[in-house]
Amino acid sequence: MGFGETKSSPGYGNPPWIFKGSALYQLHLVKAETVRAFIPKELRLVEAFGYTLGGFFLANYDDSPAGVFDELVVIAGIVWNPPTSCAWAARVLVNSEEACHHGRKEVGLPSQVARFSKRITPVPRQRKYKFGGFLSMIGVGTTICHSKDCMDVQVTEVVGPASSDLCNIKLMTDVPTPKFNKWMGPSITMSLPSFRVRAVRPAKVSGPSPLKKERSHDSESRGFTAEEVVDNARNLSISVMLSKPILALEFNFLEMQVEAPIILSNNTTSSLPAA
């Protein structure tokens, strides 16, 4: 869902828009007091024991109305939108001007341009044979197999000539193999999206160092400067990313339909809801 209704540009076609690719959806326990800064006062945050479900959605689209691009959606938490609930997007970062334009003008998302720097490193794993003792000590009893890769994704916000690191996401990925009988999770087809999903090890997220301190509640009554608003929103997004992960789901062969946005709130200073 987006923030406000928009008219479709001829170049993108009419909704629903189809996005195809792969993604990681990671759920985190996020402190409700942190999230409330993102949520308009007229919307109710879904919480329990002082926490809500936030996290992030990291996607690579190889086919979309805006072409090929990467996307990171920082999900602040869950808000109640009767008769159901929806995830609230605190920040949406894409590495394409076209995708940024489509997100803002067509879907109503707070898209911003960012740089996604990826580095893949093979992770050696030792597989031990039955030999032990001295043979194992000198390496005869083991063999090295690169069965997994470690991918580091550095996400850097770009605003004009300036840039600032937001986070680094470390992913453990399986090396593709020709074994088609390997189980990749159940294939799920729904009325809107279709995908293949499986639970995976949560990604490790690290933030930039050092972080600027968030402004105290006592000083909020004196108002924010434009720079402080940007810094505070950025730091709150990083706080969500660095919160405790509880579940990570990997989506392959993802086909997602995005409908035209509807208005949930007229508060234009807040972040926008995600589908």
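This is a predicted model: local features need pLDDT of at least 70, side-chain atom pairs count only at pLDDT 80 or more; totals for chains, interfaces and linings use all residues.
1. Before we start, one cut-off to keep in your head: a residue is called buried when its relative accessible area is under 20%, exposed when it is over 50%, and partly exposed in between. With that in hand, Asp70 counts as buried, because its relative accessibility is 7%.

2. The overall picture. The protein chain has five helices and 13 strands. It runs to 275 residues, and 41% of them count as buried. If you take the contacts with a separation of 6 or more, 67% come from residues 24 or more positions apart. The chain exposes about 15,800 Å², with carbon and sulfur atoms supplying 57% of that area.

3. Salt bridges, part one. The structure holds seven of them. Take Asp70 again: its partner is Lys118, and their closest N and O atoms are 3.1 Å apart. This pair links distant parts of the chain, since Asp70 is in strand β4 (residues 69–81) and Lys118 is in strand β6 (residues 111–128), 48 residues apart. While Asp70 is buried at 7%, Lys118 comes out at 45% relative accessibility and so counts as partly exposed.

4. Salt bridges, part two. Which residue pairs with Arg234? The partner is Glu157, and here the closest N and O atoms are 3.7 Å apart. The two sit 77 residues apart, with Arg234 in helix α5 (residues 226–241) and Glu157 in strand β7 (residues 142–159). Arg234 has a relative accessible area of 13%, so it is buried; Glu157 is buried too, because its value is 4%. Arg91 joins in as well: Arg91, Glu157 and Arg234 are linked in a network of salt bridges.

5. Salt bridges, part three. Glu47 and Arg36 also make a pair, their closest N and O atoms being 2.5 Å apart. Both residues are in loops: Glu47 in the one between β2 and β3, Arg36 in the one between α1 (32–35) and β2, and eleven residues separate them. Are these two buried or partly exposed? Glu47 has a relative accessible area of 36%, so it is partly exposed, and Arg36 is partly exposed because its value is 45%.

6. Have a look at His28. This residue lies in strand β1 (residues 17–31) and counts as buried because its relative accessibility is 1%.

7. Leu29, Tyr51, Leu53, Ile246 and Leu247 form it, with about 390 Å² of accessible area together. The elements giving two or more residues to this patch are β3 and β12. Tyr51 belongs to strand β3 and counts as partly exposed, because its relative accessibility is 36%.

8. Helix α2 (residues 97–107) is worth a stop. Ala99, Cys100, His102, Gly103, Glu106 and Val107 are buried there. At the start of α2, a side-chain oxygen of Ser96 reaches to within 3.2 Å of the backbone nitrogen of Glu98. After α2 comes Gly108, with a positive phi near 80 degrees.

9. Lastly, some backbone details to check by eye. Pro15 and Pro16 are joined by a cis peptide bond, with omega about 5 degrees; Pro16 is in the segment before β1. Phe49 is not a glycine, yet its phi is positive, about 55 degrees. You'll find Phe49 in the loop between β2 (44–45) and β3 (51–63), and it counts as exposed because its relative accessibility is 84%. Phe253 also has a positive phi, about 50 degrees, without being a glycine. Phe253 is in strand β12 (residues 244–258), and at 59% relative accessibility it counts as exposed.

Technical notes:
Residues are numbered from 1 along each chain as its sequence is written. Side-chain values use heavy atoms; hydrogens and water are left out. Helices (H or I, at least four residues) and strands (E, at least two) are DSSP runs, numbered from the N terminus. Buried means under 20% relative accessible area, exposed over 50%, partly exposed in between (1.4 Å probe, protein chains only). A polar contact is a pair of N or O atoms within 3.5 Å; within protein, one must be able to donate a hydrogen and the other to accept it, and residues adjacent in sequence count only if both atoms are side-chain atoms. Patches are made of residues with over 30% relative accessible area and no salt bridge: like charges are joined within 9 Å, nonpolar side chains (Val, Leu, Ile, Met, Phe, Trp, Tyr) within 5 Å. Accessible areas come from the Shrake-Rupley method with a 1.4 Å probe; for residues, only the protein chains shown count as cover. A salt bridge is a side-chain nitrogen of Lys or Arg within 4 Å of a carboxyl oxygen of Asp or Glu. Contact means heavy atoms within 4.5 Å.
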